[in-house]
Amino acid sequence: MKKIGFFLIPLGIFLVLVVFLFQGLFSDPRELDSQVKDKQVPAFSLPDLMQPDVTYTQDVFNGEVTILNVWGVWCVTCAVEMPYLTKLKEEQKVNFVGLYFDQDLDPDFGTKTLTRVQEEVTGMLSRYGNPYQYNIFDVYRDTSLDLGVTGAPEHFLIDSRGVVRMHHIGDINPRVWENKIGPLYDQLVAEQQTNVAGSR
Amino acid sequence: MRNWMFVLLALVSVSVLAVEDNYGFDDPEQRVLFLKLTAELRCPMCQNQNIADSDAMIAHDMRRKVYTLLKQGKSEEEIITYMKDRYGDFVYYKPPVTAATIWLWALPLVFIFVVLFLVMRRPSKAPLPDQGAKLKQAEAMLKQDKS
């Protein structure tokens with residue numbers, strides 16, 4: 001009896017350790033628990049990138065399911081995903097809004113004027129396709145900080161009540177759309193339609 | 001030649017440090033607190049660096065935010081909470097004690113107690129056989145050798 005324990009206990013500990021470490025192989029260290037998930041979009045008041053006189057607030061997300069895409073012209077992955085986002089917009093009428101920020105803190109880019117930024121944005125959108133309804137210009141990157149953005153590209157799936165339902169770090173490609181974002185997006189759109197029908 | 005290299009290297013590193021340090025503070029305590037906070041807050045982008053070391057844009061932004069909040073007179077606790085509200089517990093190098101993290105402290109203690117228990121429970125060795133008899137035997141053998 002004692003001998004069996006002598007072998008079984010280390011074996012048990014070993015197996016527990018194997019399971020624990022095996023799981024670790026597939027865990028994604030970049031996966032942060034987003035703090036804005038299931039909360040209202042934090043309050044902001046920011047200008048349109050192209051028409052600085054137009055001001056947006058968090059209320060723009062009320063009434064329609066939106067994917068808020070954090071991006072910039074300096075971001076290579078953003079350029080890669082842009083054609084696919086444009087395709088989603090054209091084929092599935094996905095409502096993309098851009099949250100644009102520039103690297104104005106960087107000494108090399110610090111003197112960039114708004115006109116220059118706009119030129120670069122127009123250039124990039126005409127080259128890769130324009131998925132955005134409009135772009136919100138996060139001038140001091142405060143709203144990005146409030147949303148818990150770590151870099152670009154990142155996406156926030158926002159329901160028709162202005163609540164963040166998913167925070168996706170990284171690009172949207174066919175695999176991510178079909179497995180992760182698409183199903184929830186379709187569900188939210190369906191919810192919105194029943195809500196609209198119910199309120200009539 | 002070698003000495004000159006050292007001097008050159010020393011100059012280079014000083015100027016690098018000086019670039020990073022372009023924030024002005026009201027008093028030395030505020031500066032110390034800024035350095036402490038940027039050393040204890042973790043960069044969400046470059047995961048094994050604090051925001052003082054990291055050159056990611058988000059680290060720049062967080063340093064700037066820490067600075068702004070300090071200037072507004074926020075306390076250390078308030079700034080940490082501010083960052084945790086946005087980036088989760090992940091952002092602070094000292095983890096809070098929760099059901100999931102309690103094991104970080106509990107496991108070593110459990111281990112110590114298990115080992116102590118095993119050591120205590122081990123049956124003490126059988127008492128040594130009579131030494132006197134053995135000594136006599138040895139002495140007899142020695143005498144035999146001498147004779």
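How many helices and strands does the secondary structure of chain A come to? The count for chain A is 5 helices and 7 strands. The model is predicted, and the predictor assigns the complex an ipTM of 0.78 and a pTM of 0.75.

**Chain A: elements and overall dimensions**
- Read from the N terminus, the elements of chain A follow the order α-β-β-β-α-β-α-β-α-β-β-α.
- Chain A is more spread out than a compact globule, because its radius of gyration is 22 Å, well over the 16 Å that the globule rule gives for 200 residues.
- Along the principal axes, a box of roughly 80 × 55 × 30 Å is filled by the C-alpha atoms of chain A.

**Chain A: burial and contacts**
- Of the 200 residues in chain A, 28% are buried.
- Taking the contacts in chain A between residues at least 6 apart in sequence, 76% join residues at least 24 apart.

**Interface between chains A and B**
- Contacts between the two chains involve 12 residues of chain A and 13 residues of chain B.
- On the chain A side, the residues touching chain B divide by class into 4 nonpolar, 5 polar and 3 charged.

**Confidence in chain B**
- The average pLDDT of chain B is 83, and 83% of the residues score at least 70.

Terms used: Residues are numbered from 1 along each chain as its sequence is written. Chains are lettered from A and ligands numbered from 1 in the order in which they are written. This is a predicted model: local features need pLDDT of at least 70, side-chain atom pairs count only at pLDDT 80 or more; totals for chains, interfaces and linings use all residues. Helices (H or I, at least four residues) and strands (E, at least two) are DSSP runs, numbered from the N terminus. The radius of gyration is taken over C-alpha atoms; the globule rule is 2.2 Å times the number of residues to the power 0.38. A residue is buried if 20 or more other C-beta atoms lie within 10 Å of its own, exposed if 12 or fewer, and partly exposed in between; C-beta atoms are placed from the backbone. Two residues are in contact if their C-beta atoms, placed from the backbone, lie within 7 Å. Ala, Val, Leu, Ile, Met, Phe, Trp, Tyr, Cys and Pro count as nonpolar, Asp, Glu, Lys and Arg as charged, and the others, Gly among them, as polar. pLDDT is the predictor's confidence in each residue, from 0 to 100.
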